[in-house]
Number of protein chains: 2
Amino acid sequence: MTDSHLIAYFSEILPQGQILTAAADLEFYGKDVCKQFSAHPSLVLTPSTPQQVADILKICSLHKIAVVPSGGRTGYSAGATATQGEVILSLTKMTRVLEVNAIDQTITVEAGVTTETVRQKAAEHGLYYGVDFTSKGSSHIGGNIATNAGGIRVIRYGNTRDWVLGLVVALPNGELLRCNGKLFKNQTGYDFKSLFIGSEGTLGVIVEATLKLCRPPRESRLCLCGAKDPSVALEVLTSLRKQFTVNVFEYFERSGLELVTAHSSLVDPFKEAHPCYLLIEIEAPHAEERQRFEELLSSFLETGVISDAVLSESSKHSQDLMSLRELIGEMANKHHVPHKNDISVPVPEIPAFLHDLRELFTKKYPQYPSIIFGHVGDGNLHVNVLKPESMEAGAFFKQCETIDQDLFTIVAAAQGSISAEHGVGLLKKPLLHLSRTPEEIDLMRAVKQVFDPAGILNPGKIF
Amino acid sequence: MTDSHLIAYFSEILPQGQILTAAADLEFYGKDVCKQFSAHPSLVLTPSTPQQVADILKICSLHKIAVVPSGGRTGYSAGATATQGEVILSLTKMTRVLEVNAIDQTITVEAGVTTETVRQKAAEHGLYYGVDFTSKGSSHIGGNIATNAGGIRVIRYGNTRDWVLGLVVALPNGELLRCNGKLFKNQTGYDFKSLFIGSEGTLGVIVEATLKLCRPPRESRLCLCGAKDPSVALEVLTSLRKQFTVNVFEYFERSGLELVTAHSSLVDPFKEAHPCYLLIEIEAPHAEERQRFEELLSSFLETGVISDAVLSESSKHSQDLMSLRELIGEMANKHHVPHKNDISVPVPEIPAFLHDLRELFTKKYPQYPSIIFGHVGDGNLHVNVLKPESMEAGAFFKQCETIDQDLFTIVAAAQGSISAEHGVGLLKKPLLHLSRTPEEIDLMRAVKQVFDPAGILNPGKIF
């Protein structure tokens, strides 16, 4: 189909300014942050109402036009990348905050509202939205829901799935499906809302969401611990959880700390270098809890479970300690060419898994620097392999395919997932069979056929 | 198909003692607590392993034998009732607790384990399972998941859906589908686990579940308030939530309190009769919180928001106050013939909704006593209409169909649900169109077709 045909179809629905064809727009909207695929959309549509989205999908179904739904394009797995002339459907103009309700503690927004805006609007009403991650300033709520975004406070607040109360979804047949509205209890047949969450734009296009909010976090206490070995992580976590509400439980290695301190004003808060670090935040609104936390840390130090500990002394200090962990991914992107994996295993498997991972990189691939860090309290680790400076990118990424095979053999042995929070998109599609059985993938295809019989929605993504 | 043919098929899979045909067994296993349908199963199968369940389903698919999955039979909507010669597949022999893990705070059980057993096993490991309701001693976890059971602490701990980490589900094709295992983060394609939750045994048979557990509730403070009018409920709720973690926020009317005190040793704790009551529990582990709670209650009393308040003085006292609310449903069943509805509306709609409901019963149906109570903090109300003593049951239930039409018109106007936590089953099937659109019901049929192409699983339930 020629571009002029496409433009004619969509001009029936959208004013001219909402159909973008300039090369810069195609490049900008054509992909997410995954750099392993090139953007080749045919054009970019920027509808501003739910009905326009539905009408676009109806036209696309009728003429078998492939559509890539696109949010803040902060994804790592090329879920929002158009590689073969698809039409990009960007939700970027759908930014209305429709309601913040302090009575039922909900917010209703259009899909193009950023995660940060949701958090800010909640805060303006004395409320809190629990999903928090580095790219919150640009990521869209619609994309968060489509990929079930996680982040740094999942151990306390869960994934995006846990915050979605209701959705409005545009279906390929041009209908707007209203799922659940604002009901906290509604047991009337299949919960399609849950099916759309995490479906990466392959079943419908989320145009509006009602999210749960909650009371803001109470005063907390943050601590960075240095440790000899990741094997202590679970002992620390289990002891903490027995008596505290844990807000953050993160892990990184010396290499991560060195990366961040080398490229920022942040400094290593310890006198000595430690092989690995645990970043812990607990809820502690009362002096009694802060006291007990310090006592527990002291006992960890005395028994050698941890080697050193720094308790934050101010909110600025907390932010600095937090940034030592939070900036690792960003610094790897900025100062290196990383190959990223985002995997998860059952939490009890973490020590053995980290041990096997370290063995793999130290013994079999010593020439490739690796940065391992992540949300260890959720069983979720980010594994970054860095391109050696002397190596060609092509050869490096080729080599990473071999490394991944070894890595994912270890993941599979631990009953883990090939993608914890980054989704499958195009990037992880060849690996899906490691996390899901052929029978499950067949069921996914059949369910997609129900919602998207013409196969127009994000074709080729996930499976 | 004759019963002897059926027995021959299943004798290949189950030993003789696990195929029940006695009239008493057919009657006992043939239905749940909904009394509006009679039990007519052809026989009862009681498999003891996941593989047996899968094998049974395969045989049923092959020979188009309708199967009704059955748990603790505590449901109110005839979701587990066999009315037309179906085979009952009871999970009653699948009662193994497979693992309690204090590291990742999970429990893995077979589907026939009771809710109470899960709660007890969790407690033995210093952990807590947040779903709590009156029938927990006999209800099965499998049934809880199949109906997304709610209960009395949803405002704090959510519905069953929020506690399910992984499932093993037997499919009609004889496969065992493992959904998610023990992963807290796993973004690899469609989340079928969420689709099975609440599907009332129409897509697959849940045979095993891994549930999340949490730290036990901290010390709490319980209070029963008397009020003039339900319109104050939201003001009280919103004020409470601003500064406390609310564990329980329940509503009942004078008629509910009179029903319970008339038929139990419990007494009205107030000197005066109040038109309605709010039962509140907040988390208050520190004296400071208890102090603030008392101050807030005092201010409600001073400003006339509430008319009176009783703070519990002991755990026995708490239980008594709680029982004034918890026993209402049971006493209605025991001492009357009730017609029950379990509806929900968005929380902000509660006052107007309760007003309209009261008007309906007072003005249009004054001859029918009604008991209205429920989880008002979740927008969920139980509406019991009681059969007048002088009336025939048949005529009463016939009349209730007319009352329901009026009731559900009010529910629909408030964007509410015809079934908040009791499910649809057979009982609410004729009303499903009031909560879900024809398009949604068509999608449900199509999704069922994917998982159950022979249509053997709980046919005729939900839609």
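Predicted model: local features only at pLDDT ≥ 70, side-chain atom pairs only at ≥ 80, totals over all residues.

Q: How many residues does each chain bring to the contact?
A: The contact draws on 82 residues from chain A and 82 residues from chain B.

Q: And how much area is buried between chain A and chain B?
A: About 6200 Å² is buried between the two chains, and carbon and sulfur atoms give 56% of that area. A:Lys185, A:Gln187 and A:Tyr190 supply 17% of what chain A buries against chain B, more than any other three residues.

Q: Why give an area at all?
A: The accessible area lost when the parts come together is often used to state the size of an interface.

Q: How many salt bridges cross the interface of chain A and chain B?
A: The rule finds 8 salt bridges there. One of the residues already named, A:Lys185, forms a salt bridge with B:Asp378, and their closest N and O atoms are 3.6 Å apart. Between the two chains there are also 41 residue pairs in polar contact.

Q: Which parts of chain A touch chain B?
A: Several elements each supply at least two residues, including strand 8 (176-179), helix 8 (233-243), helix 10 (287-302) and helix 15 (438-451). Helix 15 of chain A gives the largest share of this side, with 9 residues. By type, the residues of the side divide into 31 nonpolar, 28 polar and 23 charged.

Q: Which parts does the pair A:Glu99 and A:Lys182 tie together?
A: Their side chains meet in a salt bridge at 3.1 Å, N to O. A:Glu99 lies in strand 5 of chain A and A:Lys182 in the loop between strand 8 and helix 7, so the pair ties together parts that are 83 residues apart in sequence. A:Glu99 is partly exposed, with a relative accessible area of 30%, whereas A:Lys182 counts as buried at 17%.

Q: What about chain B?
A: There, B:Glu219 forms a salt bridge with B:Arg290, with the closest N and O atoms 3.3 Å apart. B:Glu219 is in the loop between strand 9 and strand 10 and B:Arg290 is in helix 10, so this pair ties together parts that are 71 residues apart in sequence.

Q: New topic: where is A:Gln415, and is it buried or exposed?
A: A:Gln415 is in the loop between helix 13 and helix 14 of chain A. At 61% relative accessibility, A:Gln415 counts as exposed. Its phi is near 60°, a positive value in a residue other than glycine.

Q: And B:Glu200, buried or exposed?
A: B:Glu200 counts as buried, at 5% relative accessibility. B:Glu200 sits in the loop between helix 7 and strand 9 of chain B, and its phi is near 50°, again a positive value in a residue other than glycine.

Key
Residues numbered from 1 in each chain as written. Chains lettered and ligands numbered in written order. Heavy atoms only, no water. Contact = heavy atoms within 4.5 Å. Buried area = accessible area lost by both parts, 1.4 Å probe. Salt bridge = Lys/Arg side-chain N within 4 Å of Asp/Glu carboxyl O. Polar contact = N/O pair within 3.5 Å; in protein donor to acceptor, adjacent residues only side chain to side chain. Helix = DSSP H or I, 4+ residues; strand = E, 2+ residues; numbered from the N terminus. Nonpolar A, V, L, I, M, F, W, Y, C, P; charged D, E, K, R; others polar. Buried < 20%, exposed > 50% of the residue type's maximum accessible area, 1.4 Å probe, protein only.
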